[in-house]
Amino acid sequence: MPTLLEALNNEYLQEQATKARFAARILHAHFLAQRSEPPARSQPVVAPIKIGRNEPCPCGSVKKYKTVLF
């Protein structure tokens with residue numbers, strides 16, 4: 001009894017091998033191009049200015065700044 005691989009004809013196998021080589025070349029070119037790009041540099045995170053409870057409100061009102069906790 002022939003195995004599944006033996007049942008496939010040589011022309012079909014050659015066609016699939018050609019497709020696999022083509023796909024491998026495309027993938028290689030894609031990742032090679034990404035490797036040559038410089039990595040993106042992120043900007044540092046700047047912490048907001050902390051306002052004390054008895055400081056004037058930054059909006060300009062005469063009220064004191066207080067955080068409302070729920």
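A: We may begin with charge pairing. This is a predicted model, and a search of the whole structure finds one salt bridge.

Q: Which residues form the salt bridge, and how far apart are the closest N and O atoms?

A: Side chains of opposite charge can pair when their charged atoms come close. Here the partners are Lys-19 and Glu-15, whose closest N and O atoms lie 3.4 Å apart. That distance meets the criterion, because a salt bridge requires the nitrogen and the carboxyl oxygen to be within 4 Å.

Q: Where do Lys-19 and Glu-15 stand in helix 2?

A: Helix 2 spans residues 10–36, and the two positions are four residues apart in it, so about one helical turn separates Lys-19 from Glu-15.

Q: Are these two partners buried, partly exposed or exposed?

A: The scale is needed here: under 20% relative accessible area is buried, over 50% is exposed, and partly exposed is in between. Lys-19, at 46%, is partly exposed. Glu-15, with 39% relative accessibility, also counts as partly exposed.

Q: What are the secondary structure and the share of buried residues for the chain?

A: The chain has two helices and zero strands. Of its 70 residues, 0% are buried. The chain exposes about 7400 Å², and carbon and sulfur atoms supply 62% of that area.

Q: Which residues make the nonpolar surface patch?

A: Leu-8, Tyr-12 and Leu-13 make a nonpolar surface patch of about 230 Å². Tyr-12 belongs to helix 2, and its relative accessibility of 39% places this residue in the partly exposed class.

Q: What does the side chain of Asn-9 reach?

A: The side chain of Asn-9 reaches the backbone nitrogen of Tyr-12 at 2.9 Å. Asn-9 itself sits in the loop between helix 1 (4–7) and helix 2, and it is partly exposed, with a relative accessible area of 45%.

Conventions:
Residues are numbered from 1 along each chain as its sequence is written. This is a predicted model: local features need pLDDT of at least 70, side-chain atom pairs count only at pLDDT 80 or more; totals for chains, interfaces and linings use all residues. Side-chain values use heavy atoms; hydrogens and water are left out. A salt bridge is a side-chain nitrogen of Lys or Arg within 4 Å of a carboxyl oxygen of Asp or Glu. Buried means under 20% relative accessible area, exposed over 50%, partly exposed in between (1.4 Å probe, protein chains only). Patches are made of residues with over 30% relative accessible area and no salt bridge: like charges are joined within 9 Å, nonpolar side chains (Val, Leu, Ile, Met, Phe, Trp, Tyr) within 5 Å. Accessible areas come from the Shrake-Rupley method with a 1.4 Å probe; for residues, only the protein chains shown count as cover. A polar contact is a pair of N or O atoms within 3.5 Å; within protein, one must be able to donate a hydrogen and the other to accept it, and residues adjacent in sequence count only if both atoms are side-chain atoms.
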